[in-house]
Amino acid sequence: MRLFFCRQRIPVFDQSFERLRFMIAHLPIQLQKKLTRHVSQCSIAWELIEPNDKIMVAFSGGKDSILLIHLLDSIRRIVPFDFEIGVFHLNQSAPDFPAKKALEQIASEGFEVWHEDLETASILAEKIAANESPCGLCSRLRRGIIYTQATQRGYNKIALGHHRDDAIETFMMNALFNGQIKSMPPKLVADNGHNVIIRPMLYVAEEWLIEASKYLDVAVTEQTFCTRGHSGQRYETKQLLAELERRNPNAKGSLMAALHHVVRTHLLDKGI
């Protein structure tokens, strides 16, 4: 089903949009417009947001998921139809978890907010050898809980806070380490055939989110459960892309354009 606002121009923002709910104080209007425009373009192109959707944001506590809630709320004020936003946080750390304050702030603004605790360290220690990466199992555990929560609460879509740079890094990682041409799709039906994953910020550059995060008026959680830190394939890929950008400032833009322009006849996969 086509979005109702796909034929309409996004309206010019007035100064009231400098502060949407509690999350952003005095965000420059041009930055707000740029972020909202790119989220809208991604949503229109891939039909991410539709009338009467119930969208559950998988909230990590970091800047990306906070800004995702903010931008979805911005879109909700523009489109001529209704959709709901809920916020779920999977706590993999201590009982007094880092994202607690942010969740309380979000809940105070009328969003449905809830969390679930999962002590994954012992599970990973039991199932994964010391010399093996825990990322695959950890990811499956998280996905299973997120999917279950969305289904139990009646949310038909799950929104993730991945942005343009995440998609580019994933594309590079798959090509360099896994021998696959694959990245992050804006919209994906999960393997269970029920949950629909959407990534509304996939057209948004990380540098824009970093700039917007300076204006956040909500507690940002910089901590992460992951203990791998500055290691692993994603970190190596980030470093490689940073070096490429030093040589060619448009490297990421070209890679993103490549994901939009696949020349199938010039690849080696007979299946396509």
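## Surface and overall make-up

The protein exposes about 14700 Å², and carbon and sulfur atoms supply 52% of that area. The model described here is a predicted one.

Nine helices and six strands are present in the protein. Of its 272 residues, 45% count as buried. Among contacts in the protein with a separation of 6 or more, 78% are accounted for by residues 24 or more positions apart.

## The crossing of H1 and H2

Helix H1 spans residues 29-46 and helix H2 spans residues 63-78; their axes come within 10 Å and cross at roughly 80°. An angle of 65 to 115 degrees counts as roughly perpendicular, and H1 and H2 are therefore roughly perpendicular to each other.

On the H1 side, the contact is made by Gln 32, Leu 35, Thr 36, Val 39 and Ser 40. H2 contributes His 70, Leu 71, Ser 74, Ile 75 and Ile 78. The residues of this contact between H1 and H2 comprise five nonpolar, five polar and no charged.

## The buried face of H7

Helix H7 covers residues 206-213, and its buried residues are Glu 206, Trp 208, Leu 209 and Ala 212. Viewed down the axis of H7, these buried residues fall within an arc of 155°, so they line one face of the helix. In general, an α-helix has 3.6 residues a turn, so residues three or four places apart point the same way.

The cover over the buried residues of H7 includes H1 and H2, together with helix H6 (164-178) and helix H8 (232-247).

Technical notes
Residues numbered from 1 in each chain as written. Predicted model: local features only at pLDDT ≥ 70, side-chain atom pairs only at ≥ 80, totals over all residues. Heavy atoms only, no water. Helix = DSSP H or I, 4+ residues; strand = E, 2+ residues; numbered from the N terminus. Buried < 20%, exposed > 50% of the residue type's maximum accessible area, 1.4 Å probe, protein only. Contact = heavy atoms within 4.5 Å. Areas by Shrake-Rupley, 256 points an atom, 1.4 Å probe, with all protein chains shown as cover. Axes fitted to C-alpha atoms, helices over the stretch in contact; angles between N-to-C directions. Parallel < 35°, antiparallel > 145°, perpendicular 65-115°, else oblique. Nonpolar A, V, L, I, M, F, W, Y, C, P; charged D, E, K, R; others polar. Arc of directions from axis to C-beta.
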